[in-house]
Amino acid sequence: MEKKRSLTIDTYRVIAAALILLIHTSMINKNGILFYNKAYYYVAITIGRYCVPIFMVISGYFYFLNPTKQRKIKILKNTFCFGLSG
């Protein structure tokens with residue numbers, strides 16, 4: 001069976017991954033001076049923060065798109081064990 005992928009969703013996922021990397025980059029240059037640029041701050045801190053949940057939702061969409069029986073059992077087992085541990 002051939003997997004069907006959506007180019008639009010994959011594009012959003014790549015953009016979200018790039019913005020997540022932007023969040024995790026250092027704002028300190030090689031001399032130890034804080035590099036503070038308002039444009040970088042607004043993109044990385046405000047817009048970039050929304051990309052983490054978007055990336056997780058898209059990854060979950062692809063993970064659950066066509067689950068096999070083994071994957072369903074694994075998901076239920078992990079969910080049950082997580083529920084017992086809490």
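**Labels and their values**

Modeller: Tyr61 is part of helix α2, which covers residues 38–63. The model is a predicted one.

Biologist: Why is Tyr61 called partly exposed?

Modeller: The relative accessible area of Tyr61 is 40%. Buried requires under 20% and exposed requires over 50%, so Tyr61, at 40%, is partly exposed.

Biologist: What makes α3 a helix that lies largely in the open?

Modeller: Helix α3 has 17 residues, and the number of them that are buried is zero. Buried means under 20% relative accessible area, so with none of its residues counted as buried, α3 lies largely in the open.

Biologist: How do you know that the span of α3 is close to the expected one?

Modeller: Helix α3, residues 69–85, reaches 24 Å from its first C-alpha to its last. The expected span is 1.5 Å times one less than the number of residues, which gives 24 Å for α3.

Biologist: What elements does the whole chain have, and in what order?

Modeller: The protein chain has three helices and zero strands, and the order from the N terminus is α-α-α.

Biologist: What share of the protein chain counts as buried?

Modeller: Of its 86 residues, 13% do. The chain exposes about 7,500 Å², with 67% of that supplied by carbon and sulfur atoms.

Terms used:
Residues numbered from 1 in each chain as written. Predicted model: local features only at pLDDT ≥ 70, side-chain atom pairs only at ≥ 80, totals over all residues. Heavy atoms only, no water. Helix = DSSP H or I, 4+ residues; strand = E, 2+ residues; numbered from the N terminus. Buried < 20%, exposed > 50% of the residue type's maximum accessible area, 1.4 Å probe, protein only. Areas by Shrake-Rupley, 256 points an atom, 1.4 Å probe, with all protein chains shown as cover.
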